[in-house]
Structure formats: structure tokens, C-alpha cells
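Please study the sequence and the structure below, then work through the exercises. Each task is followed by a solution in steps.

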Amino acid sequence: QSNQGKTTLCLNFCAQNLEVNPVLMGNEYTTIEEEPTPRFLNRLESMDWVSWVNGSGQERFTLLPVWEDYVEHIVRDRMNIIDWINLEEHYLISPIMAGIKREIGKGIGIIAIQKAIGADAGRGGQFTKDFADCEFLLDAYGENEVMLTVGKIKEPRRKIMGRTFAYGMEKGVRIVRFREVVKCHECWGKKWVKAGNSSKPCDACSQTGFIDKDIR
């Protein structure tokens with residue numbers, strides 16, 4: 001994933017699954033002293049539609065400060081969300097993902113990694129896909145939105161791989177205006193159209209290369 005929106009997606013996955021007490025690992029969520037950062041707490045506070053604590057005042061998720069040795073911190077049979085795995089040797093993502101899958105048991109592992117703009121895989125290329133069951137690729141869409149492209153899906157029940165969706169973010173945490181988008185029928189995703197002997201920006205898609213599916 002690119003920087004655009006990955007933390008928002010991870011926090012929303014966490015918020016939507018509080019009934020199973022998910023584990024949230026973030027290398028930017030805590031200080032060196034392993035205390036939650038003000039920025040992280042502000043994000044939680046901005047998600048004012050979520051009850052992060054139960055009736056007894058106990059947190060409904062487990063926050064773990066993890067910067068390395070991700071596999072060793074996996075909590076078996078729970079949902080483990082890692083935002084994000086940072087590696088200098090990108091090829092090492094494959095054995096790390098294999099280790100997470102081995103240790104997770106009956107749980108679910110959701111991991112975020114960095115991605116170059118427009119790339120069809122995270123840093124590590126094909127190695128990021130080896131042990132993935134479901135892959136989402138995030139890129140900037142227009143000036144203020146995010147495009148989500150469905151990558152690898154293991155054993156899909158319908159045609160979903162390659163479909164693209166766009167959405168906005170409010171307060172950096174709320175996902176809004178979620179809809180499917182398709183390649184522009186004027187420029188076919190190239191963002192430019194012919195104008196005589198030259199080219200000009202495509203007005204039909206505001207030079208994004210995509211339009212909302214329901215207005216095609």
C-alpha cells in the first residue's frame with residue numbers, strides 16, 4: 001500500500017471487529033517508552049462512532065508496540081493487524097508473511113506494507129503475493145481521495161480481481177463516498193486525449209483515468 005490511506009484502513013478494520021478483541025501492532029502508534037502517541041489517540045478520538053472501551057472501561061483491542069520480529073508477536077487465533085511492516089531487504093517480506101500465516105492459527109492477519117505509486121504490488125514485488133489470500137492496493141485518486149484496487153484473491157467466488165473503488169476520508173479516519181470506478185470511456189485510463197496533432201488533459205475524468213461506474 002502507498003502511504004495514502006493505509007492507516008485509515010487498518011483502524012477501520014480494527015473498529016469493525018472489536019467484538020473479537022483484535023490485536024493492533026503499529027510502529028507509529030506508540031512512543032519509544034511504549035505509550036500511545038498523541039497522534040494515535042487523536043485518531044481514535046476522531047472515530048467518534050466507535051466505542052473503544054467496554055462497559056467496564058477496558059479497551060476492546062490490544063495495542064502492541066512492534067518495530068521488528070513481527071512473527072514473534074503474533075497472538076494466535078486472534079485478528080492481528082500490523083501497520084506497517086518496514087523492511088530494508090524487501091524480499092524478506094515473503095518469509096515474514098509465511099511465519100505470520102503459520103503462527104496465526106485460526107486467526108486473521110492483516111498487514112500493511114509500503115507501495116510505490118501506481119505499482120501493482122507492494123515493496124517486494126511478487127514476494128508480497130506469495131502468501132497473501134487477499135490483496136488491496138491503495139493509490140491517490142484525484143486530489144483528496146483514495147483508489148483501492150483489488151489485487152490477488154485466493155479462490156475467488158466471483159469476478160473481483162482487478163476491480164477498482166474510490167473513496168474519500170473525513171478527519172483522516174472516516175471512509176466516505178465509497179463507490180466503484182472504471183476506466184474512463186474517453187481516454188481509457190491514459191488521462192490524456194488527442195487534440196489535433198497533440199494531446200490535452202481528459203476532461204471526462206478530470207485527468208484521473210477513471211470515472212464512477214454508475215455514470216458510465
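**Aromatic pairs and a helix**

W52 is buried, with a relative accessible area of 11% (buried means under 20% relative accessible area, exposed over 50%, with a 1.4 Å probe and protein chains only). The model is predicted, local features need pLDDT of at least 70, side-chain atom pairs count only at pLDDT 80 or more, and totals for chains, interfaces and linings use all residues. Residues are numbered from 1 along each chain as its sequence is written, and side-chain values use heavy atoms, without hydrogens and water.

**Exercise 1.** Determine how W52 and F61 are arranged as an aromatic pair.

Step 1. Rings of Phe, Tyr and Trp (its six-membered ring) pair if their centres lie within 6.5 Å; planes under 30 degrees apart count as stacked, over 60 as edge-to-face and the rest as tilted.

Step 2. By this rule there are four aromatic pairs.

Step 3. For W52 and F61, the centres are 5.4 Å apart and the planes stand at 70°, which makes the pair edge-to-face.

Step 4. F61 is also buried, at 5% relative accessibility.

**Exercise 2.** Classify the pair of F165 and F178.

Step 1. The ring centres of F165 and F178 are 5.5 Å apart and the planes lie at 15°, so this pair is stacked.

Step 2. F165 is buried, with a relative accessible area of 13%.

Step 3. Ring pairs join F165, Y167 and F178 into a cluster.

**Exercise 3.** Identify the buried residues of helix α2.

Notes. Helices (H or I, at least four residues) and strands (E, at least two) are DSSP runs, numbered from the N terminus.
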